[in-house]
Amino acid sequence: MQIFRKLLSFLSPARHRINCKELLLKLSDFVDGELDSSLCKEVEKHLIDCRRCKVFVDTFKKTITILKHRGEEELPEEVHIKLHDFLKERCKKS
Amino acid sequence: MAESEELLVEKCKKGDFQAFEEVVNRFEKKIYNHALRILSDPSEAEEVLQDTFLNAFKNINKYIPSGGGFDRWLYKIATNNCLMKLRKKKAQPTVCLDEPLSMEDSFVKVETADWSNQPDQLLLDDEIKGLIDKAISHLPEEYRIVLLLRDIEGFSNSEVMEILGLSLPAVKSRLHRARLFLRGELCKYFENC
């Protein structure tokens, strides 16, 4: 019975210790919240022990934050006017 | 109260041009920015903007509402118009992201400087914006478009999959590599600061 329990715990995904390379491959899934919870916990555990990965993850997350806040250029007024004139002319023809 | 997009689209389907102009007003800035980021050329972005809304008007009856998907439908038209422009242009040099992910290239070799705790305001200044835009323009188009739709336009992986007609693993893989590349470019910048 004990051997059976040990075997079960060995096979359980929660026992899987993630390494730096696996973390690199799963990083987007991790930051997007798409990693299953047991693997997510393993990543969090790994980050407590591995400073290099912690910095990598933090800068990776920050990169995404910068992208999300990149903002938009204003639409030039003449582009807006030309677009509406173009559409008035072409759409009424069709 | 502003009319819902679905209601406006229904009016457009009945030939209401005023309703269509309202749709254009709501999306023109977003579509222009999307095209500009893909093409890096204001005059081509303007052409894509015009073509996209003309295509949308002509094909509005083909649009089937599916839970607020009008923006996805428009982005699909705009992205296809951008891709047609890119195919006509001479290929611009881009980075190669097709190699398997390697630890050596990524972070084992070098101790990474931690710039993640820089104030957000500093990270959003014009110099960083310029750097990000330049790095995005160096991405191969298939990576660039996925990154733009996902991280800048804010679509989900499944929505990007639908817009581009790609599999989910392809979307995730391209997104991940594009993000790694951009992170690497930001690291180079902060190492030299």
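Helices (H or I, at least four residues) and strands (E, at least two) are taken as DSSP runs and numbered from the N terminus. The model is predicted: local features require pLDDT of at least 70 and side-chain atom pairs count only at pLDDT 80 or more, whereas totals for chains, interfaces and linings use all residues. Residues are numbered from 1 along each chain as its sequence is written, chains are lettered from A in the order in which they are written, and side-chain values use heavy atoms, with hydrogens and water left out.

Chain B contains 10 helices and 0 strands, which follow one another along the sequence as α-α-α-α-α-α-α-α-α-α. Its C-alpha trace spans about 60 × 35 × 30 Å along the principal axes. Of the 193 residues of chain B, 48% are buried (under 20% relative accessible area, with exposed meaning over 50% and partly exposed in between; 1.4 Å probe, protein chains only). Contacts are defined by heavy atoms within 4.5 Å; among those in chain B between residues at least 6 apart in sequence, 67% join residues at least 24 apart.

The chain carries 27 positive and 33 negative side chains, and the centres of the two sets lie 5 Å apart. In this count Lys and Arg are positive and Asp and Glu negative, while His and the chain ends are not counted; each charge is placed at NZ of Lys, CZ of Arg, CG of Asp or CD of Glu.

In helix α1(B), the buried residues are Leu8(B), Val9(B) and Cys12(B). Viewed down the axis of α1(B), these buried residues fall within an arc of 100°, so they line one face of the helix; the arc is that of the directions from the helix axis to the C-beta atoms. The buried residues of α1(B) pack against α2 (17-39) and α4 (70-88) of chain B. Just after α1(B), Gly15(B) adopts a positive phi of about 90°.

A salt bridge is counted where a side-chain nitrogen of Lys or Arg lies within 4 Å of a carboxyl oxygen of Asp or Glu. By this rule there are 25 salt bridges over all chains. One of them pairs Arg70(A) with Asp133(B), with the closest N and O atoms 2.6 Å apart. Arg70(A) lies in the loop between α4 (51-68) and α5 (77-93) of chain A and Asp133(B) in helix α7 (residues 126-138) of chain B, so this pair joins two chains. Arg70(A) is buried at 7% relative accessibility, whereas Asp133(B), with a relative accessible area of 29%, is partly exposed.

Within chain B, Lys11(B) forms a salt bridge with Glu3(B), the closest N and O atoms being 2.6 Å apart. Lys11(B) is partly exposed at 30%, and Glu3(B) is partly exposed at 29% relative accessibility. Glu10(B) and Lys13(B) form a further salt bridge, with 3.9 Å between the closest N and O atoms. Both residues lie in helix α1 (residues 5-13) of chain B, 3 residues apart, about one turn of the helix. The relative accessible area is 33% for Glu10(B), which is partly exposed, and 22% for Lys13(B), also partly exposed. Elsewhere, salt bridges that share partners join Asp32(A), Lys68(A), Arg150(B), Asp151(B) and Arg179(B) into one network.
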